[in-house]
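This briefing covers a predicted model. The points below are grouped by topic and are meant to be read beside the sequence and the coordinates.

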Amino acid sequence: MLPKERVRKVIALSKPDKVPVAPQVNEHAARVLGVPYGDVFNSAELAAKALLKCYEVYQGVDMAFGGGFGFVYYSPFADAHSSWFYKWKLPAPGEDKVPQMLEEQIISGDQYDLLMEKGLLHFIRPGHPELSQFISMLVKMAEAMKPAEQKAKELGLFNYMLSLVNIPTDIIANLRGLNGYLTDFYDRPEKIKEACDWLVDDLIVMGLKLADQVVAGKPDASRTILIGANRASASYISPRMFEEFAWPYFFKQVMAVINAGYTPVIHLDGNWTPMARYFRAFPRARCLFHVDDQNDIFEWKKILGDHSALMGNVPASVLAHGAASEVDDYCRKLIQAVGEGGGFILANACALPYDAKVENVQAMIRASEKYGVY
Amino acid sequence: MAGGKKEKLIAELERINFYWRELSEGKSEAELEKMVNELKQARQTIKSIFPYRIMSQ
């Protein structure tokens, strides 16, 4: 069975031959190649080389590797990673550090109307990237990544994401800063809803159009759109607040992605366990929930296991600081409990930590073979 | 008249960018004019890539 067929079976909630395994290498790819991350971040050629090295070192995976190259930070897309709108400290060549967002309050609580009147382009930061730099990076990346994409195709791997849709409250949180965002739920709740109404449809269309463009160039790619969410989790707000301020928009976005013929890969950072019950409102066997290590995935299995596929969530701390035997033990527990009956993909939480030990990632892959055969 | 032009450029910068105060501080008229033109060009190009209301009305 090809890896992409295995993953599709999991999403459809039918039992494949084994539990798929899908480490997301992202920045960690530089470690595998043995160079400072700043080198990979700033060079499409090195980033592609790092991904190819990962395919060599991490054999037996079911999803394609991505990330590494920094072009997303230079993109003027309405996303938290864009240094056009948000303050980022990005690694220079030779610097062995990962990008760091310096979160701040950009707009005050009285400036929601300004945001909705002027639009995001009004908030282009001083010292923003040059547009020519972004376009040049995009062109270089398209060319340099071809061998890595070809390798993924040869291996029959599933694509984690072709495009992304942010939920409106995350964009508001990034613009208001965490403190402003949280106090606005009490001081100006109607403004949050007004801004969410203003954002939601365009965020959907932007994500869908980008995915359509990628599919046009890669017709055999898995049709996936990542829906990323963090600040509406129970790490920040209550389920009642989620239901009132985030859920209506979240639901609309996921349904739009499904209705357009894509699989939503719902990438949840923060603790969403108290919100998992809401997600039974989505059509059964159409979504993949990738949850990070703040989630009790064993509880998720009880709440949603008969409804949607789950992916996760070996903790970053175990992958970076644990022994390979601890990774093996953790993966065994996940496979035996969450993988029971199918509907599970073994993976890291969020993405692999930059400093994950190579032997630990290999232990995760081997665990899917040792314990995951149905 | 030169001062009038600088004020107009600052007013235009305020119209198109949230950070107009920081951007205009200590800038000459020529520097301001270059900055306004570059910002307008960047906005126009991005708007053509992402022609959505949330990017610009």
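Chain B contains 3 helices and 0 strands, and its elements follow the order α-α-α from the N terminus. The model is a predicted one, and the values below are computed from it.

**Chain B**

- Along the principal axes, the C-alpha atoms of chain B occupy a box of roughly 35 × 15 × 15 Å.
- Chain B has 57 residues, of which 25% are buried.
- Of the contacts in chain B between residues at least 6 apart in sequence, 27% link residues at least 24 apart.

**Contact between the chains**

- Chain A contributes 18 residues to the contact and chain B contributes 19 residues.
- On the side of chain A that touches chain B, the elements giving two or more residues are helix H6 (112–118) and H10 of chain A.
- H10(A) supplies the largest share of that side, 5 residues.
- Sorted by class, the side of chain A that touches chain B consists of 12 nonpolar, 2 polar and 4 charged residues.

**Nonpolar cores**

- The largest nonpolar core comprises 131 residues, and A:Ile225 and A:Leu346 have the most contacts inside it.
- Helix H10 (residues 189–217) of chain A gives the most to this core, namely 10 residues.
- Another core, of 6 residues, lies apart from the largest one; B:Leu9, B:Leu13, B:Trp20 and B:Leu23 are among its members.
- In general, nonpolar side chains in soluble globular proteins tend to be buried together.
- Which residues does A:Ile225 contact, leaving aside its neighbours within four places in sequence? They are A:Met161, A:Leu162, A:Ser163, A:Leu164, A:Val165, A:Gly207, A:Ala211, A:Val257, A:Tyr262, A:Pro264 and A:Val265.

**Helix H11 of chain A**

- Helix H11 of chain A spans residues 239–259, 21 residues in total, yet its end C-alpha atoms are only 26 Å apart. A straight helix would reach 30 Å at 1.5 Å a residue.
- At A:Ala246, H11(A) bends by about 55°. A proline, A:Pro248, follows within four residues.
- Buried positions in H11(A) are A:Phe242, A:Phe245, A:Ala246, A:Tyr249, A:Phe250, A:Gln253, A:Val254, A:Ala256 and A:Val257.
- An α-helix has 3.6 residues a turn, so residues three or four places apart point the same way.
- The elements of chain A against which the buried residues of H11(A) pack are strand E3 (163–166), helix H9 (168–187), H10, strand E4 (224–229) and strand E5 (263–268).
- After H11(A) comes A:Gly261, which has a positive phi near 90°.

**Strands of chain A**

- In E3(A), A:Ser163 and A:Val165 lie on one side and A:Leu164 and A:Asn166 on the other.
- E3(A) pairs with E4(A) in the parallel sense through 4 bridges. A:Val165 has A:Ile227 as its bridge partner in E4(A).
- E5(A) and E6(A) also run parallel, joined by 4 bridges. The partner of A:Ile266 in E6(A) is A:Phe289.
- Strand E6 of chain A covers residues 288–291. A:Leu288 and A:His290 point one way from this strand, A:Phe289 and A:Val291 point the other way, and all are buried.
- In a regular strand the side chains alternate between the two faces of the sheet.
- E6(A) pairs with strand E7 (residues 309–314) of chain A in the parallel sense over 3 bridges. In E7(A), A:Met311 is the bridge partner of A:His290.

- A:Gln100 belongs to strand E2 (residues 100–101) of chain A. Why does A:Gln100 count as exposed? The reason is that A:Gln100 has 11 C-beta neighbours inside 10 Å, and the cut-off for exposed is 12 or fewer.
- Leaving aside neighbours within four places in sequence, A:Gln100 is in contact with A:Trp88 and A:Lys89. The C-alpha atoms of A:Gln100 and A:Lys89 are separated by 5.1 Å, and the two residues are 11 residues apart along the chain.
- A:Arg366 sits in helix H15 (residues 358–371) of chain A. A:Arg366 is partly exposed because 17 other C-beta atoms lie within 10 Å.
- A:Arg366 and A:Asn42 are 324 residues apart along the chain, with their C-alpha atoms separated by 32 Å.

How values were computed. Residues are numbered from 1 along each chain as its sequence is written. Chains are lettered from A and ligands numbered from 1 in the order in which they are written. This is a predicted model: local features need pLDDT of at least 70, side-chain atom pairs count only at pLDDT 80 or more; totals for chains, interfaces and linings use all residues. A nonpolar core is a set of buried Ala, Val, Leu, Ile, Met, Phe, Trp, Tyr and Cys residues joined through C-beta atoms within 7 Å. A residue is buried if 20 or more other C-beta atoms lie within 10 Å of its own, exposed if 12 or fewer, and partly exposed in between; C-beta atoms are placed from the backbone. Two residues are in contact if their C-beta atoms, placed from the backbone, lie within 7 Å. The expected span of a helix is 1.5 Å times one less than its number of residues. The bend at a residue is the angle between axes fitted to the seven residues ending there and the seven starting there. Ala, Val, Leu, Ile, Met, Phe, Trp, Tyr, Cys and Pro count as nonpolar, Asp, Glu, Lys and Arg as charged, and the others, Gly among them, as polar. Two strands pair if DSSP finds at least two bridges between them.
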